[in-house]
Amino acid sequence: MSTTSTDVSFHNAPNSGRATYSMRRPVDIDHLFRDPDVVLPVMLIATQYSPFSPRESHWKLAWKVGKSSTGPPVQREMYIVRNMTIHDYTNWGPITRTAEDCSKAVEITKMTLAERKRLEKIAAVIPFQGPNGKTHCQDWIIAVLEAAEQQGLVARSEWTKAIAAVANV
């Protein structure tokens, strides 16, 4: 797996793929669990949906912001997801929700609240390529991490180590 996005042509779908006529933003509980003003580990999370190929795994960036009253951790997540209505991907921006089961979670680096806010802003403007059978969320995550590196938020060695750790999930 490549750890660069330079050979991938990205675009931004209208409104980041958020089709206002048919799509509703996923439930976000950021009003209940604010991103705390402390240093937190930022994780690369991979969830395997198909046993056939690691390229089918879904990747996202996340950090824990609390624990629900019933026990599961609550995390702030950033990812793109395929939108079948407009045949493109959707970037909902950061979403706070209870953590789902995943196949593997790897720490990329630790960040302050201000640094995580900068990472969120980077992810908001990183374009993505529409579904074409070749590129998807993994490529977008790499592009976000490359941009974060360029802005001094993460070292190349940190994010490439995390990518290598989940590449075969």
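Buried means under 20% relative accessible area, exposed over 50% and partly exposed in between, computed with a 1.4 Å probe on protein chains only. The views below come from a predicted model, in which local features need pLDDT of at least 70, side-chain atom pairs count only at pLDDT 80 or more, and totals for chains, interfaces and linings use all residues. Residues are numbered from 1 along each chain as its sequence is written, and side-chain values use heavy atoms, with hydrogens and water left out.

**View 1. Helix α2, residues 137-150.** Helices (H or I, at least four residues) and strands (E, at least two) are DSSP runs, numbered from the N terminus. The 14 residues of α2 reach 20 Å from first C-alpha to last, close to the 20 Å expected at 1.5 Å a residue; the expected span is 1.5 Å times one less than the number of residues. Of these 14 residues, 12 are buried, so α2 is largely enclosed by the rest of the structure. The buried residues are C137, Q138, D139, W140, I141, I142, A143, V144, L145, E146, A147 and A148. Just after α2, G152 takes a positive phi of about 80 degrees.

**View 2. The largest nonpolar core, with 38 residues.** A nonpolar core is a set of buried Ala, Val, Leu, Ile, Met, Phe, Trp, Tyr and Cys residues joined through side-chain atoms within 4.5 Å. The members that touch the most other members are L44, W59, L61, I108, L119, W140 and V144. At least two residues of this core come from each of β1 (40-47), β2 (58-67), β3, β7 (104-111), α1 (113-125), α2 and α3 (156-166). Helix α2 supplies the largest share, 9 residues.

**View 3. R76 in strand β3, residues 73-78.** R76 is buried, with a relative accessible area of 8%. A polar contact is a pair of N or O atoms within 3.5 Å; within protein, one must be able to donate a hydrogen and the other to accept it, and residues adjacent in sequence count only if both atoms are side-chain atoms. The side chain of R76 makes such contacts with the side chains of T96, at 2.8 Å, and E120, at 2.7 Å. Leaving aside neighbours within four places in sequence, R76 is in contact (heavy atoms within 4.5 Å) with residues including D30, D35, W63, I95 and K117.

**View 4. I95 in strand β6, residues 95-98.** The relative accessible area of I95 is 0%, and the residue is buried. I95 lies 16 residues from Y79 in sequence and 9.0 Å from Y79 in space, C-alpha to C-alpha. Not counting residues up to four places away in sequence, I95 touches R25, P26, V27, D28, Q75, R76, E77 and Y79.
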